[in-house]
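Dear colleague,

Please find below the structure that I am handing over to you, together with its sequence. My findings follow directly after it.

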Amino acid sequence: MDRLHVDTVIFGGGVTGLWTLDAVRRSGRSALLVEGHRLGTGQTIASQGILHSGLKYSLAGVLTGAAREAREMPQLWRRCLLGEAQPDLRRVTVSAEAFHLWGTQSAASKLGLFGAQLGLQVTPRTVPRSEYPTVLQSCPGTVYRVDEQVLAPRSLVAALAAPHQDVMLQLDPATEVEFVLQAAGRVRQIRLHSARFGRTLEVEPQAVVLTAGKGNALLRTRLGLDARAMQLRPLHYVLVRGELPEFHGHCIDFSKTRVSITSARDAQGRVVWQIGGQISEDGVQLDPETLIERARLELAEVLPGLDLAGTEWTTCRIDRAEGSTLGGSRPDSYRLLQEGNVLTAWPTKLVLAPQVAQGVCAALPPATGSLLQPLLDALAAWPRPPVAQPAWEELRRWVPVPALPRRHAA
Ligand SMILES: Cc1cc2nc3c(=O)[nH]c(=O)nc-3n(C[C@H](O)[C@H](O)[C@H](O)COP(=O)(O)OP(=O)(O)OC[C@H]3O[C@@H](n4cnc5c(N)ncnc54)[C@H](O)[C@@H]3O)c2cc1C
């Protein structure tokens, strides 16, 4: 058995845990990350990867708290993607440099004014009709271009994890992790046991950081903390694959995003559309067949003329895990709680992960100077977590495109 002192032990290797691990190590502290499944499992791998600038949260023409929080973020991400700031994200796949935005005339006509009026750094620009993407050519209203980048989440997880493989462990949280508490929220020791490897490591952490998304609730219960600090907001979204154009866009209906489409290519090279937005919120109440039918009708309305022949469809349910709010609405910003020597974080949005990492580093006690080499030696042969696969590689039940009702087919 090995026994070690470590400055920070992080639980959960989604975007928050990985960005935090990078920042904590860069601050000179020793750190260890425990992943319960595969890196990014849950929200990060399901994310649409849009680096929101705040525009989406300002569609009613008001600078909301959420927009204020997000507006500085795309600049920081852009610098990381160019290798000009840390972490170095040059290996991340940028699926799109910009988004298209279109909608009803009344909603869309105001959009051009919003960005500048509200002090957002990213403002929508009108696209001349001759430059409309093919998929929007039959749309009657104005189309805008918004310079919000879209990332492929799996490549983001892989890029964040690559420099830190030496301090990451894959362990079953239920059977291979045991906490020894001094008091509620004060962790004295963590016993890590690898069943596969037959070794135990006793870690005395100065601080514990929970970045396990939905898994934070159970971890908090085990640490004697209140699990009600977290809320879940479910989504049920649609995936379509086949002969589709690569397209990234939001269709706006007044202050709501009616559909939000991002594209990727699957392992067979087929284009896959992930359809989020209001339809994925409303879809929570629907069974997969009904949601697919609803999505088909929705696409016929918002993208008239789109040829869906030969496409295949499926749906996926996922919970967003966030800090609790009164009434259960989306929090405006990330949530970071500090109790005893435990920090718990939910970013609310992928784009806010850098703010969480900064907040964690500011809240941690100074580095103790514990040596890195004994930690690396102790971990040398332990199992490392692989990166999770996107839903379209895992889901097996795809159905052919549903026929449109006669009224729409005409
Ligand atoms: C469908 C969808 C689309 C989205 N689109 C966007 C978008 O376009 N732009 C944007 O900014 N945000 C988006 N978001 C929000 C964003 O994805 C999340 O805010 C963010 O990914 C949360 O990251 P996280 O690392 O905190 O949690 P998660 O990604 O959920 O990661 C948690 C990690 O902890 C691990 N884990 C769980 N339990 C344990 C345990 N007990 N011990 C150890 N490890 C554990 C999991 O396996 C996982 O690796 C979207 C969310 C969803 C659901």
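Pro87 lies in the loop between helix H4 (73–81) and strand S3 (94–96); helices (H or I, at least four residues) and strands (E, at least two) are DSSP runs, numbered from the N terminus. A cis peptide bond, with omega about 0 degrees, joins Gln86 to Pro87.

Please note that this is a predicted model: local features need pLDDT of at least 70, side-chain atom pairs count only at pLDDT 80 or more, and totals for chains, interfaces and linings use all residues. Residues are numbered from 1 along each chain as its sequence is written.

Phi of Thr348 is near 70 degrees, a positive value in a residue other than glycine. Thr348 is buried, because 23 other C-beta atoms lie within 10 Å; the term buried requires 20 or more other C-beta atoms within 10 Å of the residue's own, with 12 or fewer for exposed, partly exposed in between, and C-beta atoms placed from the backbone.

Turning to the ligand, 41 residues surround it, and the closest are Gly12, Gly14, Gly42, Gly213 and Gly215. A residue counts as near if its C-beta atom, placed from the backbone, lies within 6 Å. The shell divides into 17 nonpolar, 21 polar and 3 charged residues. Here Ala, Val, Leu, Ile, Met, Phe, Trp, Tyr, Cys and Pro count as nonpolar, Asp, Glu, Lys and Arg as charged, and the others, Gly among them, as polar. Among the elements that each supply at least two residues of this shell are helix H1 (15–26), helix H8 (216–222), strand S12 (230–242) and strand S16 (312–323).

S12 and S16 also belong to an open sheet of 9 strands with mixed pairing, in the order S5-S6-S4-S13-S14-S15-S12-S16-S19. Strand S5 (125–126) and strand S19 (399–400) stand at the edges with a single partner strand each, so one side of each has no neighbour in the sheet. Two strands pair if DSSP finds at least two bridges between them; S12 and S16 run antiparallel and are joined by 12 bridges. One of the residues involved is His236, whose bridge partner in S16 is Arg317.

Finally, helix H6 (residues 153–161) is mostly covered, with 7 of its 9 residues buried. Those buried residues pack against H1, H2, strand S7 (150–151) and strand S8 (168–170), contact being defined as C-beta atoms, placed from the backbone, within 7 Å.

Yours sincerely

Terms used: Contact = placed C-beta atoms within 7 Å.
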